[in-house]
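Keep the sequence and the 3D view open while you read.

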Amino acid sequence: MEYSIEVNNVSKVFSNYEALKNLDFKVATGEIFGFLGPSGAGKTTTIKMLTNQLRPTDGEALVLGRSMARNWKDDFQQRMGVLTDNSALYERLSVYENLKLYCDLYDLSYSRIEEALEMVNLEDTGKKAVGKLSKGMTQRAMLARAFLHAPELLFLDEPTSALDPTNAAHIYKSLRELNKKGTTIFLTTHNMHEAETLCDRVAFLDHGKIQLLDAPQKLRRRFADNTMTIELTTGKKITLDNVPENAKKMYAYMADEQVASVHTNEPTLGDIFVKLTGRELV
Ligand SMILES: Nc1ncnc2c1ncn2[C@@H]1O[C@H](COP(=O)(O)OP(=O)(O)OP(=O)(O)O)[C@@H](O)[C@H]1O
């Protein structure tokens, strides 16, 4: 398997505070990989290390096959896209003019600007100065800038934290399209819905350590309590263990046309995180 990111036993110490502790994980080329964790878990520190803004204290991170600390190359600007809280946009210029500058930098046709604006639902806002945008619009303009050049690898630090649900859903769709066309995506979030909707695999980070790493669906199944809840047409809810002995009970309700809905009781990613760490994700 080909990997876009390989993190080998990486630690990061700030003064005497150990923000990352022996991180060890790989992101396969073509994946959407989610890094989840509460505030202060070490998500931004990890992204900064993977994008050459910070050096690990120990261990090694390989990005697109190269060691970040020893082998940064200018062509990485072309091959990678990064969204962090630093907007990297000129406030006095319009969104369109900002993106034009990046088109010049990446040697892209200006036709790409319309596409990127549509991907972030800002078609009608392109002429506005960046300094006059709302927080959510600014975040979308920053996103358009990050994936304007359809990079091989895209790093997104909390990409939809300032967005309403409609715009967030639009961005999810655009990120999936970008991913289908070949962009590997590494994103951090506290948003469980975002992780479940977008990510092929997620890692739970807490106090600088990975606690769990797998596909969301596999994690939910692994932590399921193997019960199901039947809601009857009367509104009454009955929880049954999901075992063969309960098939007759289930059949009886169905034969009597009493069943309004049935669902298995799988935990959400948020429930799993609390179970593991005793802490909420937000
Ligand atoms: N430059 C720095 N100097 C000292 N400590 C730092 C520095 N940068 C981060 N830290 C500490 O490292 C820990 C991890 O911070 P980080 O920003 O990576 O967390 P995060 O998971 O991204 O949190 P949030 O969701 O709030 O953005 C925190 O305790 C933070 O205070």
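**Ligand shell and helix packing**

Helix 1 gives the most to the shell around the ligand, supplying three residues. Helices (H or I, at least four residues) and strands (E, at least two) are DSSP runs, numbered from the N terminus. This is a predicted model: local features need pLDDT of at least 70, side-chain atom pairs count only at pLDDT 80 or more, and totals for chains, interfaces and linings use all residues. Residues are numbered from 1 along each chain as its sequence is written.

**Around the ligand**

- The shell consists of Phe14, Tyr17, Ala19, Gly37, Ser39, Gly40, Ala41, Gly42, Lys43, Thr44 and Thr45.
- By class, the shell has four nonpolar, six polar and one charged residues. Ala, Val, Leu, Ile, Met, Phe, Trp, Tyr, Cys and Pro count as nonpolar; Asp, Glu, Lys and Arg count as charged; the others, Gly among them, count as polar.

**Helix 6 (165-180)**

- At 1.5 Å a residue, the 16 residues of helix 6 should span 22 Å, and its end C-alpha atoms are 22 Å apart, which agrees. The expected span is 1.5 Å times one less than the number of residues.
- Ile171, Ser174 and Leu175 are buried in helix 6. They cover an arc of only 100 degrees around the axis, so they sit on the same side of helix 6. The arc is that of the directions from the helix axis to the C-beta atoms.
- Pro165, Thr166, Glu177 and Lys180 are exposed on the other side of helix 6. Buried means 20 or more other C-beta atoms within 10 Å of the residue's own, exposed means 12 or fewer, and partly exposed is in between; C-beta atoms are placed from the backbone.
- The cover over the buried residues of helix 6 includes helix 4 (111-119), helix 5 (135-147), strand 8 (184-189) and helix 7 (192-198). Contact means C-beta atoms, placed from the backbone, within 7 Å.
- Glycine 182 follows helix 6, with a positive phi near 120 degrees.

**Helix 10 (269-277)**

- Leu269, Ile272 and Phe273 are buried in helix 10. Seen down the axis, the buried residues of helix 10 fall within an arc of 100 degrees, so they line one face of the helix.
- Their cover includes strand 3 (32-36), helix 7, strand 9 (201-206) and helix 8 (216-222).
- Just after helix 10, glycine 278 has a positive phi of about 75 degrees.

Definitions and conventions. Contact = placed C-beta atoms within 7 Å. Near = placed C-beta within 6 Å.
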